[in-house]
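I set out to record how the chains of this model are built and how they meet. The entries below follow the order in which I looked things up.

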Amino acid sequence: MASKLNLKVTSFTDRKRKLKSQLIIGVLLFLALLACFPFLFISAYVISKGIGSLDWAFFTQLPKGPGETGGGMANAILGSGTMVLMCCLLGIPWGMAAGIYLSEYGEGKTARILRFATDLLTSVPSIVVGIFIYGLIVIYFGFSAHAGATALAVIMLPIVARSTEEILKLIPNHIREAGLALGIPRWKVILRILVPGCVGALVTGVMLAIARVAGETAPLLFTALGNQFFADSLSQPTASLPVQIYNFAKSGFPDLERQAWAGALILVLFVFVINFGTRAFIYYKKS
Amino acid sequence: MVTELVEKLFFTREISEEISLPLKKRDVHFGDKVFYYLLKGASWGIVFLLLAMVGLILKMSWPAFSTLGWTFFTSAEWNSWTQEFGVLSFIYGTVISSLLAVAFAVPVSVGVALFLNELAPSWLARPLGFLIEMLAAIPSIVYGLWGLFVLAPLLRTYVQPVLLDYFGWFPLFQGPPLGVGMLCAGVLLAIMITPTISAMTREVFKAIPVSHREAALGLGATRWEMLKLAVLKTGTSGIIGAVILGLGRALGETMAVTMVIGNKSEIHLSLFESGQTMASILANQYAEADSDLQLAALTAVGLTLFMVSLIINSIARFIVWKVEKGFKGGK
């Protein structure tokens, strides 16, 4: 009798527990869907707002003055492209060298310090990088593409370093040992065997870093500044896509706002193409 | 012949030294050394860069500290006419907007991490995880644009009037429903830091040994009880690390916040009011500072932001590192 009663009680609490579990799993599912929603919302909105303004003029003309209609962002697209390329020239070799060091020679306490410093540099607010470059370059040489590109390189550097390290670490040790056993010097083992072996993955990491840097606005605000026209040289204030979007967005003129959306679409497309591309590449490599 | 050589090499000391002498002259490891020091230089260069950053920014902001003294930290007045510069209102803005963001983002991020790691089948987890990771790839200027033209009007027309109607007696929800302001910045930041927190939390959950979960299920726990006991409780310190990392990201976020926070250097209790963060004042004024003192004061704001984010991020990395090491050791 008593045992029967007991059984009933447990089955009741059991059902309650199971119900609670189901409910909470439902809530978790809801949270996951909720977290996906902003991405779909934002990307759909940017595409629908920007696609209408992507015409030939947008890519080939200079911006018109406030209040006028038409014009484009040719100077900003060119400026962004130049600065990102320049930033790659500094950021990629330096970052890769640091990454290779961390992966191939990085052991013990000093390596931990280096890794920590690299992570910290990743998390420095990008606007602070802007101040640093302002004090380092802009004070002496004025606003320029050089300054902007250097600021971007400082942001790119730790990203490339860490991705290079992570990728090289995936290579099994016996490959290094095989190379060394053949009497090949270590630097040749690294540059001729290890790096070519994972060049695809390394490029992937670099592309993601470029995608990240291309959308940076804050470090360019007071290093490259911006320009209504094409810059004559690399030591002049230079327009960039993100800064131009920012300036247009707060201008209050509908036509400039329309172009800001188009600029945002270009940025978003660039970032998406790189991200989708690298995913596809990784997926293709795995299968 | 070969065996003879091997014998000579390894068993007779005199001969082996004789052989090694000419080798030493044309050092085969020269290239190795050059390569090694190049790489080492590159790697230490990052440390140097970080130190140079601190040093230079400290030097640039020194005039502000020497002129303004402690009032820089205790005053909320920021006025380039009267040359009064105090960082307090920006610290307030930064702290409140970031805390709001964390408060919104943490439940969602941890829920996402639990669902994707522990419950969802991989055909569902992969695309959902991808969509959330892609949030981190959107440039912050695009978030700002969207926040200014979409999120702020949404808040103004749908959310703020409701809050005013029901909670208008509460000091946090008073004032004009403008859309832009602290609340908008908080929501936007929450969206931006969700991928950071959920990615780190997922890493932490992944590091928890499967045996913990099996033990809980084996004892008759339901799935939720298993998650609570084996995953959430074990991973608590890791989750805290992830949250602090997200907080660090929110503190330093510039463009999106600048575009939606309203940019008024004042302290208001209400979340509907405009504010200013340390990052947004820099974005707004740095390029067009009127005086040297203002520039130095702005740099000092940057230094404060820099130090806060260094400390926050160090703590977060340390916790996450400790947690992951702990699990690896425990296996």
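Entry 1, contact between the chains. I took contact to mean heavy atoms within 4.5 Å. I note at the outset that the model is a predicted one. On that basis I found 79 residues of chain A and 77 residues of chain B taking part in the contact. A:I42, A:I131 and A:F132 supply 9% of it, more than any other three residues.

Entry 2, area. The size of an interface is often given as the accessible area lost when the parts come together, so I looked up that value next. Chain A and chain B bury about 7,100 Å² between them. Carbon and sulfur atoms give 82% of this area.

I asked how many salt bridges cross the interface of chain A and chain B. The rule finds three. One that I inspected joins the side chains of A:D119 and B:R317, with 3.9 Å from N to O. For polar contact, I recorded seven residue pairs between chain A and chain B, with both residues at pLDDT 80 or more.

Sorted by class, the side holds 63 nonpolar, eight polar and eight charged residues.

I counted twelve helices and zero strands in chain A.

Along the principal axes, the C-alpha atoms of chain A fill a box of roughly 95 × 65 × 40 Å. Of the 287 residues in chain A, 51% are buried.

I turned to B:S97, which lies in helix 5 of chain B, residues 88-119. Is B:S97 buried or exposed? B:S97 counts as buried because its relative accessibility is 1%, and the cut-off for buried is under 20%. Leaving aside neighbours within four places in sequence, I found B:S97 in contact with B:M182, B:A185, B:G186, B:L189, B:I261 and B:T277.

Key. Residues are numbered from 1 along each chain as its sequence is written. Chains are lettered from A and ligands numbered from 1 in the order in which they are written. This is a predicted model: local features need pLDDT of at least 70, side-chain atom pairs count only at pLDDT 80 or more; totals for chains, interfaces and linings use all residues. Side-chain values use heavy atoms; hydrogens and water are left out. Buried area is the accessible area (1.4 Å probe) that two parts lose on being put together, summed over both. A salt bridge is a side-chain nitrogen of Lys or Arg within 4 Å of a carboxyl oxygen of Asp or Glu. A polar contact is a pair of N or O atoms within 3.5 Å; within protein, one must be able to donate a hydrogen and the other to accept it, and residues adjacent in sequence count only if both atoms are side-chain atoms. Ala, Val, Leu, Ile, Met, Phe, Trp, Tyr, Cys and Pro count as nonpolar, Asp, Glu, Lys and Arg as charged, and the others, Gly among them, as polar. Helices (H or I, at least four residues) and strands (E, at least two) are DSSP runs, numbered from the N terminus. Buried means under 20% relative accessible area, exposed over 50%, partly exposed in between (1.4 Å probe, protein chains only).
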